Amino acid sequence: MIPKIRRGSRTHGLLVYLYGPGKRDEHTDPHLVGSWDGFVPDPGRDNSPDPDPKVTLARLAAALDLRVKQAGDKVPAQHVWHCSVRTDPGDRILTDDEWNTVARRLVHAVNLAPEGDPDGCRWVAVRHADDHIHILATMVRGDLRRPRMNYDFKKAQAECRRIEQEMGLRQLKPGDGTGAKTPTSAERFKAERTGRPETPRETLREAVRQAVAGAASEAEFFTRLREAGLRVKLRHAPSGDVLGYTVAVPGDRNRDREPVWFAGSTLAPDLSYPKIQRRLADGTADAITTREVDSGRSDWSPSARGRRTATGIAERAAILLDSDDDDAAAQLVGVGELLDAVAQTSPATIRTELGAAARSFERATRSHVRAERADTRAIRSAARGIIQAGGALGRGEDGGTTAMLVSTLVLVALAAARWHSARGHAQQAEASRQAAEHLRAAYRHAAAAPMQVMRDQGRALPEAERRTYETTIRAALPDSGLRTDAETTTDALAATLAQAERAGHDPKTLLQEAIEMRELDTAEDVNDVLVWRLRRLAQLPAHPGEAGHPPQAGADRSKPAPNRTGTRTAPPTATRPAASDPRNRPPRR
């Protein structure tokens, strides 16, 4: 149940809209379901001798405005309180009596008309659809004073949460005021009328978020906005310093044929110019230290090396989130940028799911928790490296390292959900879990080919050698719940240990190191998680050769594999994808 509160100054005008046909003839059978005294005239179902609805509506408006006229100059400029209350599409249809109860509880909760107060404000509740009502109240009490209505939106939200529970409706997550502003009804209708898959506000929010991901400077951030096809307008001080920015979707104009501009702060709280300035200053995406670089073999593409580097940094972000430290709040912003970077540069086959994950996780990046030591340089640099490396191929080492990174990001999203849950951030925790589900869907597609190759290689190992590695795995993970069904076995894990041993690593030591990196309880498949950890630690290819051809003992793993003609092939060159026009973005899922 979602309340939406607005304030205005025209009682009669609002009643005309509520009892009218609607902007798209969507209003059906408009009628009262409740009022301050239960005896007011109803323009929708008037049984009086003079049933002219216009006359009845004027009488109702006059009754609501009686105290407004009596108060004279003491009346506030916006004296009309308007609250629409809508149930979830999956909820049952409430009766008129139930909607009357909802309306009475809400006007009581926000202190408009407390139960038992004869001087409460006058109000009515109009129903013109199955799933919602509109509450209209005039904010002048019987004693001609204004009602005390501080934090009316929060109070209405809290009361709706209680009503949902008592009436058996879908229970929404309570918010904390850090969510992005949702599109207005007018914006949604305009988008539908003009054939846009989403409102300009949503298009711009995603484009600005992607532009700031891994940006090293304000100049680069503004350049990316323009490259994405947006109109950008900067506000300067007399000194020439930038004070703010606004963006617009090309072709989106108001009734005066002027561009519709949005300031960053109206798109999301963390996209205001001062907050973007602070983010760029706190976590400048510069060169990563030597210890943080996990570039791998020189024949791997920049995209593959960038994803390997990002995987290690994402692992450390998950460890910080598991430490339950408030300073991990800064890592959430960095993880959001990393998701945006991966979504922009991944193959088309998984880009939709990764984009959905990034949009979901966007809500998890904001809360009232502030990190005292906000060091996001490493994770922002990883995002920058991925974007600069360009689009990744959906096959070979690029595809394998994409699966490696996405597998880790699933665990990071679940760690974020636990971190938020521990602090009572219900919406952010749910957003993190939704992101994890989208990431899992993307992972299953990205990992299908490389994991099949590794499973085939594991089955091709000599029987004695395979049993030795399986014994090692069972000894290290006696209670891990490893799945050994027909679909998921330890074959890929055994093949990885075999390749690591041939590369000079001790299988038992390396496996123990991979296990101790962080918890495995939230992993959907422990086999897969350990395979990717081992391959990253041992610098093994993420997509090892072709199915049916396991690596030969003693093979030189520092060189690219030969092709069928016996010559060494150069890695594919990754190029930065062209900036996409936000007007052509596919619709949200």
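## A tour of two helix pairs

Start with α11 and α12: these two helices are roughly antiparallel to each other, because their angle is over the 145° cut-off. This is a predicted model, so keep the confidence colouring handy for later.

Select residues 302–322 for α11 and 329–345 for α12; their axes pack at an angle of about 150° and lie 11 Å apart. Look along the pair and you'll see that α11 passes α12 in a left-handed crossing. Now show side chains. On the α11 side, pick R307, A310, A314, A317, L320 and L321; they meet Q331, L332, V335, L338, V342 and T345 in α12. Colour that contact by residue class and you get nine nonpolar, two polar and one charged.

Next, jump to residues 11–19 (α1) and 53–64 (α2), where the packing angle is about 135° and the axes are 9 Å apart. That makes α1 and α2 oblique to each other, and their crossing is right-handed. For the contact itself, select T11, H12, L15, V16 and Y19 in α1, together with L57, A58, L60, A61 and L64 in α2. Here the residues split into eight nonpolar, two polar and no charged.

Finally, colour the chain by pLDDT: the mean is 84, and 85% of residues reach 70 or more. Strand β8 (residues 262–263) has the highest confidence at 96, while helix α6 (residues 185–193) has the lowest, at a mean of 87. Then find residues 287–295, where pLDDT is below 50 and the stretch has 18 contacts beyond near neighbours in sequence. Residues 546–580 are also below 50, with 54 such contacts in the model.

Technical notes. Residues are numbered from 1 along each chain as its sequence is written. This is a predicted model: local features need pLDDT of at least 70, side-chain atom pairs count only at pLDDT 80 or more; totals for chains, interfaces and linings use all residues. Side-chain values use heavy atoms; hydrogens and water are left out. Axes are lines fitted to C-alpha atoms, for helices over the stretch in contact, and angles run from 0 to 180 degrees between N-to-C directions. Helices (H or I, at least four residues) and strands (E, at least two) are DSSP runs, numbered from the N terminus. Angles under 35 degrees count as roughly parallel, over 145 as roughly antiparallel, 65 to 115 as roughly perpendicular and the rest as oblique. A crossing is left-handed if the near helix is turned anticlockwise from the far one by less than a right angle, and right-handed if clockwise. Contact means heavy atoms within 4.5 Å. Ala, Val, Leu, Ile, Met, Phe, Trp, Tyr, Cys and Pro count as nonpolar, Asp, Glu, Lys and Arg as charged, and the others, Gly among them, as polar. pLDDT is the predictor's confidence in each residue, from 0 to 100.
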